[in-house]
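Trainee: Could you walk me through how to read a model like this one?
Mentor: Gladly; let us look at it together.

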Amino acid sequence: MGTKIIGTGVYLPKNVLTNFDLEKIVDTSDEWITTRTGIKERRIAKEETITYMATQAAKEALREANLSPEELDLIILATLTPQKRFPSTACLVQAQLKAKGVYAFDISAACSGFIYALDIADSFIKSGKAKNVLVIGAEKLSEAVDWEDRSTCVLFGDGAGAVVVTRSEDKSDILATRMYAEGSLEELLHADNCGYIRMKGRELFKVAVRSMEEVCREVLEKAGVKPEEVSLVIPHQANVRIINALAEKLNIPKEKVFVNIQKYGNTSAASIPIALHEAIKEGKVKRGDLILMTAMGGGLTWGAVLLRY
Ligand code: UT7
């Protein structure tokens with residue numbers, strides 16, 4: 001019995017904020033942001049709520065999976081910007097979808113949230129507790145950013161991505177996963193007392209490259225797969241320099257590493273499902289391919305998922 005991705009969807013706010021727009025808000029430049037991060041623009045939600053963005057992405061994924069919301073057993077939503085303290089945003093999305101009879105909850109693992117959620121979905125499917133699971137990564141980070149702090153406000157964006165996974169009898173499967181948490185490193189990336197994102201960027205950069213390299217090697221080894229057998233790496237989109245350093249350390253050519261950070265910035269838990277959706281739509285992922293996903297973020301949390309699409 002395997003876990004197969006049968007649908008993906010995204011929602012990206014229409015409103016675009018470019019680096020040139022940011023030059024008018026804080027003391028920064030397109031040149032600094034581009035060379036240090038790879039980001040050119042990001043989407044900023046206006047009237048869209050996180051529930052709305054997540055629901056739109058979910059509807060597209062369900063359409064593609066050819067499933068009705070009632071056929072779902074479980075909804076897991078990863079976010080660090082939930083709509084309310086409670087109920088969970090997963091419950092609000094469940095209501096919007098009219099997904100009667102499902103089990104729904106949020107998980108909080110910051111930028112690693114989507115791969116944490118996918119790992120949980122895989123466990124539910126493999127234990128026989130669920131057949132069809134909707135996994136969403138959604139963020140409205142524009143509400144968690146201090147727009148006076150140039151060291152963070154240029155980095156983040158809003159959006160949502162969703163996947164539907166199901167129990168499969170064919171070769172498609174999640175082959176290996178590994179997740180980590182280390183709360184003693186919280187200071188490197190956390191929310192302050194006002195709820196604003198604070199980051200020690202330079203230190204975090206080094207931890208990000210090292211932790212993702214190690215965990216990628218670990219899942220590859222677990223599955224008995226060599227790095228050169230991987231068709232596409234879909235890393236969390238936090239900084240193109242982190243992505244390039246990771247590719248180099250894993251000895252995977254740049255053409256096999258998906259990058260869309262230039263368009264959306266860092267969308268935290270939404271970044272991997274948005275990238276996966278785009279990679280599939282652009283024909284960079286075919287059935288049977290080996291896909292390696294990895295992320296690192298607040299917690300600190302990190303992990304990797306190796307799957308046969
Ligand atoms: O999603 C979770 C995971 N996230 C990450 O892993 C992020 C990891 N860190 C990074 O991506 C990078 O460290 C940043 C993009 C956050 C920062 O890049 P950096 O090359 O590490 O720059 P820095 O923090 O060392 O700052 C260099 C200089 C500083 O000036 P001085 O001290 O050298 O005079 C900053 O004040 O750049 C200055 N600076 C800026 N200048 C123009 C910081 N932010 C800006 C800005 N515009 N927006």
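**Cores, a helix and a ligand**

Mentor: The largest nonpolar core has 45 residues, and V154, I197, V230, L292, M296, L300 and L306 have the most contacts inside it. A nonpolar core here is a set of buried Ala, Val, Leu, Ile, Met, Phe, Trp, Tyr and Cys residues joined through side-chain atoms within 4.5 Å. Buried means under 20% relative accessible area, exposed over 50%, and partly exposed in between, with a 1.4 Å probe and protein chains only. This is a predicted model, in which local features need pLDDT of at least 70 and side-chain atom pairs count only at pLDDT 80 or more, while totals for chains, interfaces and linings use all residues. Residues are numbered from 1 along each chain as its sequence is written, and side-chain values use heavy atoms, leaving out hydrogens and water.

Trainee: What does I197 touch?
Mentor: Contact means heavy atoms within 4.5 Å. Not counting residues up to four places away in sequence, I197 touches L141, A144, V145, D149, T152, F156, L189 and H190.

Trainee: How many residues of helix α10 are buried?
Mentor: In α10 (residues 271-281), 10 of 11 are buried, including P273, L276 and I280. After this helix comes G283, with a positive phi near 75°.

Trainee: Is A160 buried or exposed?
Mentor: A160 sits in strand β7 (residues 158-168), and its relative accessibility is 0%, so it counts as buried. Among the residues it touches, outside its sequence neighbourhood of four places, are G9, M53, G137 and I274.

Trainee: Which residues are closest to the ligand?
Mentor: A residue is near a molecule if one of its heavy atoms lies within 4 Å of it. Here 24 residues surround the ligand, and the closest are T28, R36, R202, N239 and N266. A side-chain N or O atom of R202 is 2.7 Å from a ligand oxygen, and one in N239 is also 2.7 Å from a ligand oxygen. The protein buries 76% of the 960 Å² that the ligand exposes when taken alone, with areas from the Shrake-Rupley method and a 1.4 Å probe.

How values were computed: Helices (H or I, at least four residues) and strands (E, at least two) are DSSP runs, numbered from the N terminus. A polar contact is a pair of N or O atoms within 3.5 Å; within protein, one must be able to donate a hydrogen and the other to accept it, and residues adjacent in sequence count only if both atoms are side-chain atoms.
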